[in-house]
Amino acid sequence: MAQPDQKKFFENLSGAGKAIAVLTSGGDAQGMNAAVRAVVRVGIYVGAKVYFIHEGYQGLVDGGENIEEAKWESVSSMLQVGGTVIGSARCKEFRTHEGRRAAALNLVLRGITNLCVIGGDGSLTGANLFREEWSGLLDELVQQGKIDKESAEKYSHLNIVGMVGSIDNDFCGTDMTIGTDSALHRIIEVVDAIVTTAQSHQRTFVLEVMGRHCGYLALVSALACGADWMFIPEMPPADGWEEQMCTKLSENRARKKRLNIIIISEGAIDTSNKPITSEHIKDLVVKCLGFDTRVTILGHVQRGGTPSAFDRILASRMGVEAVLALLEASADTPACVVSLCGNQAVRLPLMECVQMTQEVQKAMDERKFEEAVRLRGRSFENNLNTYKLLAHRKPQSELPISSFNVAVLNVGAPAAGMNAAVRSAVRVGITEGHKIFAVNDGFEGFAKGQIKEIKWGDVGGWTGQGGSLLGTKRTLPAKHLEKIAEQMKANQINALLVIGGFEAFECLLQLTEARSRYEEFCIPMCVLPATISNNVPGTDLTIGADTSVNAIVQTCDRIKQSASGTKRRVFIIETMGGYCGYLASVGGLAAGADAAYIFEEPFDIRDLQANVEHLTAKMKTSIQRGLVLRNENSNENYTTDFIYQLYSEEGKGVFDCRKNVLGHMQQGGAPSPFDRNFGTKIAAKAMLWISRKLKETYRKDEGKVFANTDDTACLLGMRRRALVFQPVVELKNETDFVHRIPKEQWWLKLRPLMKILAKYKTSLDVSESGQLEHVVRHRRPIESEGVPA
């Protein structure tokens with residue numbers, strides 16, 4: 001973090017006299033419009049002229065009306081639209097020298113020397129070549145008399161910044177590309193729908209997803225739905241896979257599993273680089289097992305639909321970073337691509353990423369599949385390792401011998417993704433040789449002895465279930481310490497995994513502090529943060545928050561749509577979250593809100609008045625809808641009703657108001673792909689940590705586990721770029737226990753971004769931007785995953 005005197009602020013960067021053009025190229029991806037919107041609005045905000053280039057590189061070559069100056073209102077209502085509003089097209093002409101010369105002329109005539117390209121590696125490679133040839137192209141145009149020398153000197157270099165829009169997530173250097181999360185939403189919606197019909201008829205479904213050269217969609221959807229088998233190009237199945245797969249499917253049926261799901265990437269191959277098709281797999285299952293088997297090919301469904309909250313936020317953050325990079329670029333700056341690393345936006349040299357992406361394909365062509373997986377990056381490798389841990393049940397004879405018992409329980413309010421985490425913990429624990437005990441109804445159930453062993457098959461199909469199948473209560477253990485200790489002793493519990501929200505963190509603190517009185521608590525203990533509120537210290541993100549933000553955004557989209565064609569209208573929407581404003585702020589950014597009132601950022605009547613005036617001015621333009629979010633505990637006096645009445649009164653004659661309290665709808669529903677995946681991966685990591693701690697703290701001479709150091713009671717959280725275990729005792733100082741929130745919350749930095757995109761003048765600290773990094777390769781991965789804001 002930069003020191004206060006080194007801070008760099010967005011408003012000090014001027015775009016005056018600069019012109020920025022934005023284009024989308026290659027295959028469309030959900031979220032591209034959010035990126036275009038951010039580039040346009042941030043560009044205009046800093047005083048630059050911004051241009052749309054319609055139809056991708058084709059529009060750049062053809063010029064004319066294809067290059068259009070964008071206004072603030074031009075990108076209104078784009079955020080929730082899938083595909084790309086400004087169009088995309090394949091362009092043969094741009095691949096020729098003459099085509100690029102025509103494109104250069106079209107840019108110079110409008111004074112454009114800053115180009116933002118949203119597309120895949122082919123589109124970005126083309127942009128880089130264009131930049132390298134730029135001065136030569138201008139010399140040719142001078143010689144041909146199409147531009148004068150002064151123009152050639154004035155516009156002597158072209159700055160390029162790329163953003164990767166691709167549903168395949170096949171670009172090295174970024175954890176997630178724009179569109180991938182939305183594509184996963186489409187896939188998982190189909191899987192969830194198929195599960196019900198397949199169970200009714202005891203069917204096997206072969207599901208083919210996109211990914212000609214990259215298996216990311218197949219891998220993550222297999223992880224998110226607990227598929228029986230998976231085929232991806234980076235990891236062809238070993239010889240004899242046909243027999244192994246059929247054995248696995250028949251074993252699962254024998255265990256009363258009513259459906260089998262096989263997920264295959266369209267680019268799946270065997271070890272000889274020969275294609276494996278969905279029809280071949282179907283024929284194999286029918287021939288060998290006689291199972292009723294159906295094939296579903298998802299195709300372009302995966303590209304369609306409205307973008308997820310993740311993709312809107314990712315694209316908005318990247319759009320801002322792209323404009324920053326263009327404003328700071330010089331003639332010596334290489335073309336860069338804006339990427340996501342963990343929870344941070346970073347800039348990487350475009351060609352380093354392209355070269356590494358091409359190396360993956362080369363490794364696959366040469367059958368160096370382990371190398372290909374490593375080149376894909378840490379996120380891909382971690383997903384694959386987790387899938388291997390969970391998908392294939394080892395025979396009892398192959399499991400390590402362990403005499404340890406591990407208890408798993410949920411604490412606090414239910415959150416989508418809790419069940420995926422429990423399933424993962426149970427299966428990894430069994431693979432490690434432990435006995436796993438499930439506790440029903442949290443610590444209240446623990447005290448009552450609601451504890452029983454849970455087996456591999458008991459958690460089948462849990463990933464897609466919302467709520468908490470174990471049952472969860474908010475009860476803290478302090479009142480029941482003696483009874484809990486008795487139950488731990490009676491069931492010989494050697495380790496504890498608590499999955500829950502702020503209460504789960506408090507529970508572990510209480511148990512840790514009680515270690516001096518009860519030896520039963522001197523065991524390894526771990527908390528996995530799971531709550532929609534995202535208010536747990538020690539982590540940027542909690543399981544369940546992504547599902548909740550998506551629920552808010554979907555509702556906001558529908559509410560905004562209800563006003564189209566009617567008179568001017570402002571909607572006041574109340575979100576959950578306790579005293580934590582995460583849902584209101586991030587939901588507001590993803591839904592295109594005009595304001596979001598939260599507890600962490602105090603507001604008074606003057607702020608409310610300023611917001612009303614701002615909306616009144618907005619309503620006098622072509623934009624006829626306003627959206628205001630309010631966190632439930634943002635202010636005890638300025639209630640949702642008060643704000644609604646104030647806006648209604650002040651907006652008389654200009655707009656009318658409606659209010660909506662979203663309530664528990666934000667807690668329910670099927671978990672999003674992100675929450676399924678996040679819960680699955682961190683639970684697997686936590687169980688491996690518990691195994692390690694059990695071995696470290698086992699006293700052979702006494703025949704028991706004894707763990708009383710701070711580092712044996714931890715919370716596993718996402719911190720910026722990595723997943724880290726942090727002693728709960730150390731997190732006490734980072735916590736505001738009165739309001740049940742961390743003292744510092746990273747997402748507060750996103751609030752000025754929401755305000756800028758809503759046309760407010762505000763201060764945005766960009767101290768952490770602007771460092772061009774390099775692609776890191778050939779190292780073991782830090783366990784991390786691209787996470788939504």
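How many bridges join strand S18 to S20, and do the two strands run parallel or antiparallel? In this predicted model, strand S18 (residues 569–575) is joined to S20 by 7 bridges, and the two run parallel. To find one of these pairings yourself, look at Phe571, whose bridge partner in S20 is Leu627.

S20 has another neighbour to visit. Strand S19 (residues 595–597) pairs with S20 over 3 bridges, again in the parallel sense. Here Tyr597 stands opposite Arg630 of S20.

Now, is S20 itself enclosed or open? Of the 7 residues in strand S20 (residues 625–631), 7 are buried, so the strand is largely enclosed by the rest of the structure. Both of its faces are covered: Arg625, Leu627, Leu629 and Asn631 are buried on one side, and Gly626, Val628 and Arg630 on the other.

Let's move to a helix. H9 (residues 278–289) has 12 residues, which at 1.5 Å a residue should span 16 Å; its end C-alpha atoms are 16 Å apart, so the two agree. Which residues of H9 are buried? They are Ser278, Ile281, Leu284 and Val285. These cover an arc of only 120° around the axis, which puts them on the same side of H9. An α-helix has 3.6 residues a turn, so residues three or four places apart point the same way. Among the elements covering the buried residues of H9 are helix H8 (241–254) and strand S8 (260–265). Just after H9, Gly290 takes a positive phi of about 75°.

Terms used. Residues are numbered from 1 along each chain as its sequence is written. This is a predicted model: local features need pLDDT of at least 70, side-chain atom pairs count only at pLDDT 80 or more; totals for chains, interfaces and linings use all residues. Side-chain values use heavy atoms; hydrogens and water are left out. Helices (H or I, at least four residues) and strands (E, at least two) are DSSP runs, numbered from the N terminus. The expected span of a helix is 1.5 Å times one less than its number of residues. Buried means under 20% relative accessible area, exposed over 50%, partly exposed in between (1.4 Å probe, protein chains only). The arc is that of the directions from the helix axis to the C-beta atoms. Contact means heavy atoms within 4.5 Å. Two strands pair if DSSP finds at least two bridges between them.
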